[in-house]
Every structure is written in structure tokens, then in C-alpha cells.
Amino acid sequence: MLTVYAYQGCDTCRKALKWLKAQGISHEVKAIRETPPSPAELKTAVKALGGELRPLFNTAGGDYRELNLKDKLPSMSEAEAVALLSKNGNLVKRPFVLGDGVVLIGFKEDEWRQTLA
């Protein structure tokens with residue numbers, strides 16, 4: 001079962017959820033702002049990204065800009081980044097999807113089709 005962290009006010013999240021429904025892929029939706037991904041889930045994503053942290057961040061978001069993360073992120077440790085993301089769902093790029101052997105961040109239909117179909 002896939003867990004989809006999404007924000008209902010996000011067009012991209014709505015498109016992703018509509019796509020999952022159209023494909024008949026069962027999933028559970030969690031509100032990313034109220035229940036951000038756990039540190040363990042975020043570490044799974046970091047591992048799947050080969051240790052890269054930046055793809056996990058919603059770089060277009062206001063919180064990202066307010067915290068000046070563009071300048072701070074390059075010198076952050078994985079533990080610091082994971083702690084920050086797990087406490088503030090606004091910072092996490094969405095939709096954020098985890099499943100058995102699946103990590104998807106953001107919605108790119110071709111990538112989702114290859115991974116989930």
C-alpha cells in the first residue's frame with residue numbers, strides 16, 4: 001500500500017491523486033502539513049536519492065525562502081535536514097510517496113507510470 005503525503009490545496013497533489021485513482025492503485029493519503037513524513041521515512045527517501053537532500057525540499061515554498069535554506073542547505077547534515085523536514089510539512093516537496101520499495105517525490109506522470117505500473 002502506498003502512503004501519499006499531500007496537501008489538498010496543491011494542484012500537483014490533486015493531479016497525482018486523480019492519476020492514482022484512474023490507475024486503480026490503492027493508496028492512503030496523509031495531510032503533509034499536519035502529519036509530515038517521519039524521520040525514518042525521510043531517511044528512506046534520502047537513501048533512494050543516493051544521499052541527495054535538495055530534492056526532498058519544496059524549494060518554491062515560502063517557508064523554504066523564509067528560512068533561507070537555499071544558502072543553508074548545502075552545509076546541512078542529513079540529520080539536520082531530516083529533523084527540519086519531519087517537523088515542518090510545508091518544507092517537504094509534494095506529493096511525497098512511499099511504498100514497498102517505492103519512493104516518489106513530486107508528480108511526473110512518466111516516472112510514476114514506470115515505477116507503479
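1. A crossing of two helices is called right-handed if the near helix is turned clockwise from the far one by less than a right angle, and left-handed if anticlockwise. In this sense, helix 2 passes helix 5 in a right-handed crossing. Helices here are DSSP runs (H or I, at least four residues), numbered from the N terminus.

2. This is a predicted model, in which local features need pLDDT of at least 70 and side-chain atom pairs count only at pLDDT 80 or more, while totals for chains, interfaces and linings use all residues. Residues are numbered from 1 along each chain as its sequence is written, and side-chain values use heavy atoms, without hydrogens and water.

3. The contact between helix 2 and helix 5 (heavy atoms within 4.5 Å) is made by Pro39, Leu42, Lys43 and Val46 of helix 2 and by Glu78, Val82, Leu85 and Ser86 of helix 5. Among these, Glu78 touches Lys43, Val46 and also Leu53, leaving aside residues up to four places away in sequence.

4. Glu78 is partly exposed, with a relative accessible area of 36%; buried means under 20%, exposed over 50%, and partly exposed in between (1.4 Å probe, protein chains only).

5. The model has 3 salt bridges, each a side-chain nitrogen of Lys or Arg within 4 Å of a carboxyl oxygen of Asp or Glu. Asp11 pairs with Arg14, the closest N and O atoms being 2.1 Å apart.

6. In helix 6 (residues 109-116), Glu109 and Arg113 lie 4 residues apart and form a salt bridge at 2.7 Å, N to O. Arg113 also meets Asp110 in a salt bridge at 3.9 Å. Shared partners join Glu109, Asp110 and Arg113 into one network.

Definitions and conventions. Helices (H or I, at least four residues) and strands (E, at least two) are DSSP runs, numbered from the N terminus.
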